[in-house]
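Hi everyone, thanks for making time this morning. I'd like to walk you through a structure and a few of its local features.

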Amino acid sequence: MASRRCTYSCETMAQTLEWMNAIAEFIRPYRAILDAHVVNFFKERLWELVDEQWMDCLRKESVANLLKLPSSCTQDYWPASLKLFLYDLRSLVLPREQELLDKISPNLHVSSLSTVLSQGMNLKKKHEVEILSAVVSSIVHESGAGKIIDVGSGQGYLAQALSFHYQLPVIAIDASLHHANVTNARAERIKKHYSAKFAGSPHFKIPQTVTCHILSSEALTALSSASLRENNTKESAERSSTSDRGDCGIPEIDIAEGKSLSNLYGNSFLVLAGLHACGDLSVNMLRTFVDCKQVRAIVGVGCCYNLLSEDCLERAGGSCGFPISNAAKLSSLILGKNARDLACQSAERWRTLTEDAALQNFDVHAFRAAFQLVLDKYHPTILVSSPSIGRQGKTIRRQQCRRLRESQTSREDDIRGFSSELGKSSHNLASGCQDGQNSNKYFLFEEFCKSGLSRLGCVFSEDMDLLGIWNHAQSYSELIGPFWSLRAALGPLVETYILLDRLLFLQEQGNSIEASLFPIFNPTLSPRNMAIIARRK
């Protein structure tokens, strides 16, 4: 059964608010599922949060169909109430299919980056930089801006594409001095290539790098509204290069310490750009655009919603990352960290998972949830601190995949140790064999527990009844896949609400600002593909 397309609009402030209110109303009955965390699956019997008829249906479903659940895809034979839930959910989610970019600007043209400029980029990054640099370049020319500030520039890929490929002046801002050094070194290599290739045109624009912590929109506004003469900027860099800080000529400026950043970037109008500006940084960009009249436009793609500060939870007063619109602040809806974590899920990535990879993911979730039972029984005091045991899941999956590949070309029987058990488990999952699978999974779980306890500084004891805990958990482990797939379907809805909140914040500023949400990337390559594009009229 095909899922319904979104039937809402966000072209006007009233329409956006109507959409957000509909999402808030839809979410409320499923609050407990949003707040759930995988580590508590067995401890809190989370499967009981789901309608019993739904769970009975989904526990028998194929892995292939479970992987389509986050996209709100249904099957004809599912319960009518489950189909209606997914049908209505899908109607509330922002469409993520990549749009034709000429809708942003009729003169917009995306061109491929040279091999020199794209060196070091993976396919995803190259796709993002090629498109976003073209969008930003088009908006710069339309707005008459003289400079671009690349906020959260990382290793400078976007800034260098704008500088070398489009010959635009860019200031690359990042909190990491290492990133700034990498950006500068990479820019010098690119400059040498272009200088040799175009000997008659020796002048190439190179991104100016600034290392600073953007802890507030006020700090970014101070950066953006500066107006010092060009020679003062050069003097500042020269003073920095002779210091003992090892800055390599990059002035490190800590806004939190209140050091002046004013008058740094000349008097021209600006465009703010951000490629996956993390957490509150995307929100600070929006506030800066509103507060600083020198900023003529903004093109921002956000990410890491889990790192957003949220009103009533992480701060008592002050500016928070969510919500930022006045209307959302008046709403009683609070997301919380688990829901914001869920907003980072990608329905497209779920659909492209192989069945083996999905089963391995479900197993790792089961190990972690069963490990929580171990902590609850033998180390209950440590649970108060919400312990993190690191990225064991990814390590296990990598080892599983490696052993699976080896098992397809080798039948050696003398492989021993943890890696061997991972390989046997993966081979069993891939082949569908059931003999010995449960015991192999227990060995994996035992190693998982030993590693987790070690990471937490806890002592493993042979007296721990790990087998008893695993046997108890194993009887419900088949429910993890259905539960987590169904919960993941709410992720795109939470992300939609966060993005609409940002759009509504801009729409609340009045008719002087034109703002829109636009899916500029291929969502399979780049799941966080929704750009907020705003211009001053």
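Let me start with a term: a salt bridge here is a side-chain nitrogen of Lys or Arg within 4 Å of a carboxyl oxygen of Asp or Glu. With that in hand, Arg45 and Glu48 form a salt bridge, their closest N and O atoms lying 2.7 Å apart. Please keep in mind that this is a predicted model.

Arg45 itself is partly exposed, at a relative accessible area of 32%. The structure holds 17 salt bridges, and I'll pick out a few others.

Take Arg31 and Asp35, whose side chains meet in a salt bridge at 3.0 Å, N to O. These residues sit 4 apart in helix H2, residues 31-35, so about one helical turn separates them. An α-helix has 3.6 residues a turn, so residues three or four places apart point the same way. Arg31 is partly exposed, with a relative accessible area of 23%, and Asp35 is partly exposed as well, at 38%.

Then there is Glu97 with Arg90, where the closest N and O atoms are 3.7 Å apart. Is Arg90 buried or exposed? Arg90 is buried, because its relative accessible area is 16% and the cut-off for buried is under 20%. Glu97, on the other hand, is partly exposed, at 40%. There is also a network of salt bridges linking Asp56, Arg59 and Glu478.

Now on to a strand.

Which strands does E1 pair with? One is E5, residues 270-278, in the parallel sense over 4 bridges, with Ile149 standing opposite Leu272. Another is E2, residues 170-174, also parallel over 4 bridges, and there Val151 has Ile173 as its bridge partner. Together with helix H7, residues 157-165, E1 and E2 make a right-handed β-α-β unit.

Last stop: helix H8, residues 177-197. At 1.5 Å a residue, its 21 residues should span 30 Å, and the end C-alpha atoms are 30 Å apart, so the two agree. The buried residues of H8 include Leu177, Arg186 and Tyr194.

How values were computed: Residues are numbered from 1 along each chain as its sequence is written. This is a predicted model: local features need pLDDT of at least 70, side-chain atom pairs count only at pLDDT 80 or more; totals for chains, interfaces and linings use all residues. Side-chain values use heavy atoms; hydrogens and water are left out. Helices (H or I, at least four residues) and strands (E, at least two) are DSSP runs, numbered from the N terminus. The expected span of a helix is 1.5 Å times one less than its number of residues. Buried means under 20% relative accessible area, exposed over 50%, partly exposed in between (1.4 Å probe, protein chains only). Two strands pair if DSSP finds at least two bridges between them. A crossover is right-handed if, with the strands pointing away from the viewer, the path from the first strand over the helix to the second runs clockwise.
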